[in-house]
Amino acid sequence: MAGSVKLSRIGQIAVNVRNAERAIAFYRDVLGMEFLFQVPRMGFFNCDGIRLMLAESESPEFDHPASIVYYGVEDIHATYNELSKSGVVFTSPPRRIATVGEIDLWMAFFKDVDDNTLGLMSESPKS
């Protein structure tokens, strides 16, 4: 292996948004995420120790949808039902993606207010 640097901890994930105020309201008020602080054109949230930054792009090369951020949840079906009641429109309902040993991996996908795809994921005992 070249070099001795080994990156492993995610410190922050950036999600591109078109309107920071609208995106902050969606992530805080609809998704119930822990809001940390806001500066002009950016908002920051705590995701169990990983910071999520919502930011309006400052230049054209950064003006594109984000990579998919997967939020781990205990009960994907209950979370899906609650978010659906809050107006979140899912592009797919929860479905089992894989079984690894004694664990079933479940996922469901939805869009935020800027058309970024977000995912829910849950691991549960094999059914």
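## Terms and basis of the model

A nonpolar core is a set of buried Ala, Val, Leu, Ile, Met, Phe, Trp, Tyr and Cys residues joined through side-chain atoms within 4.5 Å, where buried means under 20% relative accessible area, exposed means over 50%, and partly exposed lies in between, with a 1.4 Å probe and protein chains only.

The structure is a predicted model, in which local features need pLDDT of at least 70 and side-chain atom pairs count only at pLDDT 80 or more, whereas totals for chains, interfaces and linings use all residues. Residues are numbered from 1 along each chain as its sequence is written, and side-chain values use heavy atoms, with hydrogens and water left out.

## Overall make-up

The protein chain contains two helices and eight strands, these being DSSP runs numbered from the N terminus, with at least four residues of type H or I for a helix and at least two of type E for a strand. Read from the N terminus, the elements follow the order β-α-β-β-β-β-α-β-β-β. The C-alpha trace spans about 50 × 45 × 25 Å along its principal axes.

Of the 127 residues in the protein chain, 34% are buried. The accessible surface comes to about 8,100 Å², and 54% of it belongs to carbon and sulfur atoms; such areas come from the Shrake-Rupley method with a 1.4 Å probe, and for residues only the protein chains shown count as cover. Contact means heavy atoms within 4.5 Å, and among contacts between residues at least 6 apart in sequence, 47% join residues at least 24 apart.

## The largest nonpolar core

The largest nonpolar core has 25 residues, of which Tyr-27, Leu-31 and Leu-54 touch the most other members. At least two residues of this core are supplied by each of strand S1 (12-17), helix H1 (20-30), strand S4 (50-56), strand S5 (69-72), helix H2 (76-85), strand S7 (103-111) and strand S8. H1 gives the most, with five residues.

Ile-24, which is placed in helix H1, is buried, with a relative accessible area of 2%. With residues up to four places away in sequence not counted, Ile-24 touches Asp-29, Phe-35, Gln-38, Met-42, Gly-43, Phe-45 and Leu-54. The C-alpha atoms of Ile-24 and Val-113 are separated by 9.8 Å, although these residues are 89 residues apart along the chain.

Met-42 belongs to strand S3 (residues 42-47) and counts as partly exposed, at 22% relative accessibility. Apart from neighbours within four places in sequence, the contacts of Met-42 are Ala-20, Ile-24, Met-53, Leu-54, Ala-55 and Glu-58. Met-42 and Asn-19 are 23 residues apart in sequence, and their C-alpha atoms are 9.1 Å apart in space.

## The four-stranded sheet

Four strands form an open sheet with mixed pairing, in the order S5-S8-S7-S6; two strands pair if DSSP finds at least two bridges between them. S5 and strand S6 (90-100) stand at the edges with a single partner strand each, so one side of each is left without a neighbour in the sheet. Neighbouring strands are turned against each other by 25 degrees on average, with direction ignored. Helix H2 packs on this sheet, where it touches S6, S7 and S8, and its direction makes about 175 degrees with that of S6; axes are lines fitted to C-alpha atoms, for helices over the stretch in contact, and angles run from 0 to 180 degrees between N-to-C directions.

Seven of the nine residues of S7 are buried, so S7 is largely enclosed by the rest of the structure.

## Hairpins around S7

S6 and S7 pair in the antiparallel sense over seven bridges, and Thr-99 has Asp-104 in S7 as its bridge partner. The hairpin of S6 and S7 has two residues between the strands, and Gly-101 in the turn has a positive phi of about 65 degrees.

S7 and S8 run antiparallel and are joined by nine bridges; Met-107 stands opposite Met-121 in S8, while Phe-110 has Leu-118 in S8 as its bridge partner. Five residues lie between the strands of this hairpin, and Asp-115 in the turn has a positive phi of about 70 degrees. Thr-117 is found in strand S8 (residues 117-125), and its side chain is joined to that of Lys-111 by a polar contact of 3.1 Å, that is, a pair of N or O atoms within 3.5 Å, of which, within protein, one must be able to donate a hydrogen and the other to accept it, with residues adjacent in sequence counting only if both atoms are side-chain atoms.
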